[in-house]
Amino acid sequence: MKHLLIIWHSRTGAAESMARAAFEGAREEGEVRRLRAEDASAEDVLAAHGYLFAAPENLASLSGEMKEFFDRCYYPVLGRADGRPYAQMIAAGSDGTNAARQLARIAMGWRLREVQPPMIAVTDAQTPEQILGPKTLDALVLAKCRELGAGMMAGVESGIW
Ligand SMILES: Cc1cc2nc3c(=O)[nH]c(=O)nc-3n(C[C@H](O)[C@H](O)[C@H](O)COP(=O)(O)O)c2cc1C
């Protein structure tokens with residue numbers, strides 16, 4: 001059976017809640033797996049039929065743990081997932097575009113197909129205390145993540161991409 005794989009990393013909860021909301025939306029439509037980046041293997045990637053990646057932007061790039069997942073799995077997956085659909089969700093204090101660009105560049109290397117534009121949730125955390133504190137995202141943002149998960153799942157299952 002075709003399934004969607006959601007891979008996430010989060011330090012203070014924002015990207016985790018985006019991944020959870022997308023998972024909840026997706027599981028109403030079909031079979032979905034959700035894995036932490038550190039637990040996800042190349043075999044998990046190869047077994048799936050579409051992907052949602054969720055991670056924070058840190059220091060103007062993809063968070064280290066998410067990058068480590070790609071570093072670990074990049075060559076084992078290369079050339080074996082061509083054309084599969086993906087989308088991404090980025091949690092950011094104020095920007096998020098560099099992380100999204102970096103992830104898109106990696107996904108292009110895998111020849112994945114971007115089927116939705118990046119969803120970037122800006123938390124407006126400014127001070128070190130706010131940046132390091134737990135994050136709660138707006139219900140509207142989470143509803144959009146839920147919709148993204150449902151849409152990705154429906155597309156993967158029906159094979160429209
Ligand atoms: C070390 C560090 C670096 C960060 N760098 C950026 C950055 O370059 N751009 C940005 O928009 N937010 C930056 N942030 C803010 C995080 O992206 C933001 O707090 C986000 O909500 C973290 O996601 P998480 O809650 O899933 O861990 C940084 C946070 C930390 C801890």
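Author: Two strands are said to pair if DSSP finds at least two bridges between them. With that in hand, and keeping in mind that the model is predicted, we can turn to strand β3, which spans residues 50-58 and is mostly covered, since eight of its nine residues are buried.

Let us take the partners of β3 one by one. Strand β1, made of residues 3-8, pairs with β3 in the parallel sense, and five bridges join the two; in one of these, leucine 4 has glycine 50 of β3 as its bridge partner. Strand β5, residues 85-92, also pairs with β3 in the parallel sense, here over six bridges, and within this pairing proline 56 stands opposite alanine 91 of β5. Strand β4 covers residues 61-62 and runs antiparallel to β3, to which two bridges join it; asparagine 58 stands opposite serine 61 of β4. β3 and β4 form a hairpin with two residues between the strands, and in this hairpin leucine 59 takes a positive phi near 50 degrees.

The structure holds nine aromatic pairs. One of them joins phenylalanine 69 and tryptophan 110 edge-to-face, with 6.4 Å from centre to centre and 85 degrees between the planes. That pair links distant parts of the chain, 41 residues apart, because phenylalanine 69 belongs to helix α3 (residues 64-77) and tryptophan 110 to the loop between α4 (97-109) and β6 (113-114). Phenylalanine 69 counts as buried because its relative accessible area is 0%, which is under the 20% cut-off, and tryptophan 110, at 1% relative accessibility, is buried as well.

Another ring pair, between tyrosine 74 and tyrosine 75, is likewise edge-to-face, with 5.0 Å between the centres and 85 degrees between the planes. Tyrosine 75, however, is exposed, because its relative accessible area of 64% is over the 50% cut-off.

Definitions and conventions. Residues are numbered from 1 along each chain as its sequence is written. This is a predicted model: local features need pLDDT of at least 70, side-chain atom pairs count only at pLDDT 80 or more; totals for chains, interfaces and linings use all residues. Side-chain values use heavy atoms; hydrogens and water are left out. Rings of Phe, Tyr and Trp (its six-membered ring) pair if their centres lie within 6.5 Å; planes under 30 degrees apart count as stacked, over 60 as edge-to-face and the rest as tilted. Helices (H or I, at least four residues) and strands (E, at least two) are DSSP runs, numbered from the N terminus. Buried means under 20% relative accessible area, exposed over 50%, partly exposed in between (1.4 Å probe, protein chains only).
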